[in-house]
Amino acid sequence: MTGTFSGLSPTRWLMIGSAIVLVALFPLVYTDPYYMTIIVTAEVVLILNISWNFVLGMAGVWNFGQLAIYALGAYGAGWLMLHQTWMPAMIAILCGGLFSAVISVLLAFPTLRLFGIYTSLLTFSFAQVVQYVALNDPRGLTGGSYGYPTVPGLFPNMSQTSYLRAYYWVFAAVIVASCLVVAWLRQSHLGIALRSIRDSPGYTAARGVNPRMTRVIAFGLSGFLAGVAGGFYLSFEQSFTTSQMGLTPMSIDVTMLVIGGLGTVMGPVIGTAIVTVIQTILIDYPGWQLTILGATLLVIVIFVPGGVVGLISRTSKRVSAWVEEDSEAVEPAET
Amino acid sequence: MTDIVAIIVNGLVYGSIYGLVAIGMTLIYGTLRILDMSQGSMVMIGGYVGWWALATHGVNPLLALVLAFVVTFVVGTLTELVSVQPLIGRRGEVDFEMVTFITTFAVGILLTNVALQHFGPFQKNVPPIVSGNLDVYHGVSISYHELTMAGVSVLLMGALGLFLARTRWGFAVRAVAQDLDAARSLGVPVSRLYPATMGLASALAGVGGVFLGALYFASPTAGDLPLLQALIVVVLGGLGSLTGTLYAAYLVGLMQAFCEVEIGTTWTLPILYTAILIILVIRPYGLKGSPSEARL
């Protein structure tokens, strides 16, 4: 999963293609509404995680305000759906995404002046303040702690099975598209600029890359996707409250990203899948969910720093190195 | 005039408690380069210890404070052993600041949920350390509890200053803050100093938690808001600078009191945040912080 398109062999493309087809056909075979709901919800979280991973992992900006951006997208889309009823839901969601992108770009500017841990503190507090204001908004714009209880969403008046299927396909399409875009961006001019700004800002700027422009674009793209994810969540659940952006969902999302592997293309997908499975198994013990997730996070960060994707790539490297060593052993190098 | 007195009195009280919670974070960051996200949980634990000692067992308030200090010291030490100790010496392999940020955050999640399991989601009433009110000026009054809180905070911060400036362990902490490798080669027992420092910082937050528990409640999420406020104070003061943290704590306290008296509580946090954002854009390392120089 290097993310370079040119480097992918036809076999790899075939594998990716067949995986996409399998994912697309899945809901036709499987219709259990309980698990489908869990899967579709996980898809929304995955979209958010892809957007977050882009800034946090790839650009290396310690942005912990992504959930606020996501919630602002949901509020933006929800407000349009409730108050501008003539507007198609999809357009409302896109507008919510644009709103999030604008806020995200504004957040990019102070992070340019700050370094490392200061950035995380600033963005973390930003998220907390947005939640606080949404919860205590005196003018009723956000609905306070009730949020938006009844939103029509993308597909009103549909039977449950087709409702779940429709959302499943829309979200799956967005996930596949954004994974491909991220994989392409990773090896594009922008992606390389982002990663080199992360690793050596001074040198990159000296080589003629504009750090401000690059980071603003990264924050804009990531913010847009996060906002769209927020709109999707609102549309699927037909409601949105501030509890979707507190410390608890944030810790779950961070756990997903870290378990999967920060900064990789497939990391969010794998991490989201693993954590969702753990959560579903522990559904009868709600109190233990976060305790076990917290412990998992601790163990993974300390013992498996690159997450699952890092582990896989290291193992495969070790195996190939081992194979090479074996072939070298046939004619030992003279010293 | 009444307003001004109210602002100053409340500001000083807020500032003291922020200082107490935030100074631990500064101490940890200055010496260990760790942003301790479990500090909020220590406030929460302190609140529960206060509830357990004062409300259910009727212990002497002073003893309750000491108890909170000891309990959170132990929890803080254990936190360090679990979340930081395994990472020491792997600075090249992992991004130490980022990883410890996440591990201490994970410990925070764990502690919050253990509290949720054990005590349930309902808020517990913590009785005040001292009851009664003191009338300061024409209707502006301050409870003895808040006064004690401010007094104890200042006392503890002073004690911390003396500890760092005069004692052998204090020297060791400052030496590690200046140069880890040099301190280690001169015989500073880093593997014992790290847990002790984190325990000390946690204990300060735990004592703060007993006071805050009586002002608000003891609940599993009681540490979230103090953590946020401490983060704001620490960043504003400049990470790792003790004096900067003190200035910032009182500055934030006074600003909060001003907003509450003149504008209203809803907008206090956003206004505070905007003000700090502006300060940070002008001074990226906070009031007294420096990019990578010696701290403390």
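Helix H10(A) is largely enclosed by the rest of the structure, because twelve of its 14 residues are buried. The buried positions are Leu247(A), Met250(A), Ser251(A), Ile252(A), Asp253(A), Val254(A), Thr255(A), Met256(A), Leu257(A), Val258(A), Ile259(A) and Gly260(A). The model is predicted. In it, the 14 residues of H10(A) should span 20 Å at 1.5 Å a residue. The end C-alpha atoms of H10(A) are 20 Å apart, in agreement with that value. Gly261(A) follows H10(A) and has a positive phi, near 125 degrees.

Helix H3(A), residues 66–83, gives a similar check on length. Its 18 residues should span 26 Å at 1.5 Å a residue, and its end C-alpha atoms are 26 Å apart, which agrees. H3(A) is also mostly covered, with 15 of its 18 residues buried.

Chain A as a whole contains 13 helices and zero strands. Its pattern along the sequence is α-α-α-α-α-α-α-α-α-α-α-α-α. The radius of gyration of chain A is 21 Å, close to the 20 Å given by the globule rule for 335 residues, so chain A is as compact as a globular protein of that length. The C-alpha trace spans about 80 × 50 × 40 Å along the principal axes of chain A. Of the 335 residues of chain A, 46% count as buried. Among contacts in chain A with a separation of 6 or more, 78% involve residues 24 or more positions apart.

A compact globule of 296 residues would have a radius of gyration near 19 Å, and chain B agrees, at 19 Å. Along the principal axes, the C-alpha atoms of chain B fill a box of roughly 60 × 45 × 35 Å. Buried residues account for 53% of the 296 residues in chain B.

Within chain B, Leu67(B) lies in helix H3(B), residues 61–83. Leu67(B) has 22 other C-beta atoms within 10 Å; the cut-off for burial is 20 or more, so Leu67(B) is buried. Beyond residues up to four places away in sequence, Leu67(B) touches Val49(B) and Ala53(B). Gly50(B) is 17 residues from Leu67(B) in sequence, and their C-alpha atoms are 8.4 Å apart.

The two chains meet through 32 residues of chain A and 36 residues of chain B. On the chain A side, helices H4 (89–113), H5 (116–136), H10 (247–260) and H12 (286–303) each supply at least two residues. H5(A) gives the most, with 13 residues. By class, this side of chain A has 22 nonpolar, nine polar and one charged residues.

The largest nonpolar core comprises 189 residues. Ile47(A), Ala71(A), Ala229(A), Val207(B), Val233(B), Val235(B) and Val252(B) touch the most other members of this core. Helix H1(B), residues 2–32, provides the largest share of the core, at 16 residues. Leaving aside neighbours within four places in sequence, Ala229(A) is in contact with Val44(A), Ile47(A), Leu48(A), Ser51(A), Tyr70(A) and Gly73(A). Another core, of seven residues, lies apart from the largest one. Its members include Leu164(B), Ala175(B), Ala177(B) and Ala183(B).

The model scores ipTM 0.75 and pTM 0.82. Chain B averages a pLDDT of 83, and 95% of its residues score at least 70. Confidence in chain B is highest in H3(B), at a mean of 91, and lowest in strand E1(B), residues 133–137, at a mean of 72. Over residues 292–296 of chain B the pLDDT is below 50. Beyond near neighbours in sequence, this stretch has twelve contacts in the model.

Methods:
Residues are numbered from 1 along each chain as its sequence is written. Chains are lettered from A and ligands numbered from 1 in the order in which they are written. This is a predicted model: local features need pLDDT of at least 70, side-chain atom pairs count only at pLDDT 80 or more; totals for chains, interfaces and linings use all residues. Helices (H or I, at least four residues) and strands (E, at least two) are DSSP runs, numbered from the N terminus. Two residues are in contact if their C-beta atoms, placed from the backbone, lie within 7 Å. Ala, Val, Leu, Ile, Met, Phe, Trp, Tyr, Cys and Pro count as nonpolar, Asp, Glu, Lys and Arg as charged, and the others, Gly among them, as polar. The radius of gyration is taken over C-alpha atoms; the globule rule is 2.2 Å times the number of residues to the power 0.38. pLDDT is the predictor's confidence in each residue, from 0 to 100. The expected span of a helix is 1.5 Å times one less than its number of residues. A nonpolar core is a set of buried Ala, Val, Leu, Ile, Met, Phe, Trp, Tyr and Cys residues joined through C-beta atoms within 7 Å.
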